[in-house]
Amino acid sequence: VLLAAGMGTRFEGGNKLLAEIDGEPVVRRAARTLVESSVSGVVAVLGHQAGAVEDALGGLCVSTRPNARYEEGQSTSVAVGVDVACERGWDGAVFALGDMPFVDRESVDRLVRAYVDGVGTVLAPEHDGSRGNPVLFDSQHFDALADVTGDRGGRDIVESEGTLVSVDDDGILYDIDKKEDMI
């Protein structure tokens, strides 16, 4: 589940998801990571400037789902993602952020492998002692995720029940908030 509905109010100069790094929109880079990983399907949850963000994802094997309540915070997009995961009967779901274009596909694959190996039901990547994103949630946590409010997403669940999976990828730590964040 790619969370790509936010307004990015701290980013000056337009929608940060549409800003380009090496000629490719930030959101497309984030989506491509999921598409190229071992997950079985990718859905992008859209809100702010949904049409333009969907256009930026064109040609990738990504379905989209609107979030009419995106202005209420990230939790509403997480709830939409949970709905999709339940509809599709997924055993678990990786929740990734559309403004994190530097995550390596291998980090997503390590989370999936750890999940399949029974390491935990909430798995987050860790690099050099810092927890990052994306995060994998087993379906047993979908109800709790759908009940989260505000802009914290599933952070409280990760902090109380999460298991860290070590990765060699500092991209799990970097999101785009300001133009200076675009390497």
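The model I am reading is a predicted one. The side chain of Arg113 meets that of Glu106 in a salt bridge, with N to O at 2.5 Å. Glu106 is likewise listed as partly exposed, at 30% relative accessibility. I also noted a network in which salt bridges with shared partners join Glu24, Arg28, Arg32 and Glu36.

I then turned to Arg105, which forms a salt bridge with Asp109, the closest N and O atoms being 2.5 Å apart. Both residues lie in helix α4, four residues apart, about one turn of the helix. Arg105 is partly exposed at 35% relative accessible area, whereas Asp109 is buried at 8%; the cut-off for buried is under 20%.

For the structure as a whole I recorded 10 salt bridges. One of them joins the side chains of Lys16 and Asp177 at 3.3 Å, N to O. Lys16 sits in the loop between β1 (2–4) and β2 (20–21) and Asp177 in the segment after β10, so this pair ties together parts that are 161 residues apart in sequence. I found both Lys16 and Asp177 to be buried.

Next I examined strand β7 (residues 122–127). Six of its six residues are buried, so the strand is largely enclosed by the rest of the structure. Val122, Ala124 and Glu126 point one way, while Leu123, Pro125 and His127 point the other way.

I listed the pairings of β7 in turn:

- With β10 (residues 163–166), β7 runs parallel over four bridges, and Ala124 stands opposite Leu164.
- With β9 (residues 135–138), the pairing is antiparallel over two bridges, and Val122 has Phe137 as its bridge partner.
- With β8 (residues 130–131), the pairing is also antiparallel, over two bridges, and Glu126 is partnered by Arg131.

In the hairpin of β7 and β8, two residues lie between the strands, and Asp128 takes a positive phi near 50 degrees. I placed Asp104 in the loop between β6 (92–97) and α4 (105–116); its relative accessibility of 40% makes it partly exposed.

Last, I checked Gly47, which is in the loop between β4 (43–46) and α2 (50–56). Gly47 counts as buried at 14% relative accessibility. Its C-alpha atom is separated by 7.7 Å from that of Arg69, 22 residues apart along the chain.

Notes. Residues are numbered from 1 along each chain as its sequence is written. This is a predicted model: local features need pLDDT of at least 70, side-chain atom pairs count only at pLDDT 80 or more; totals for chains, interfaces and linings use all residues. Side-chain values use heavy atoms; hydrogens and water are left out. Buried means under 20% relative accessible area, exposed over 50%, partly exposed in between (1.4 Å probe, protein chains only). Two strands pair if DSSP finds at least two bridges between them. A salt bridge is a side-chain nitrogen of Lys or Arg within 4 Å of a carboxyl oxygen of Asp or Glu.
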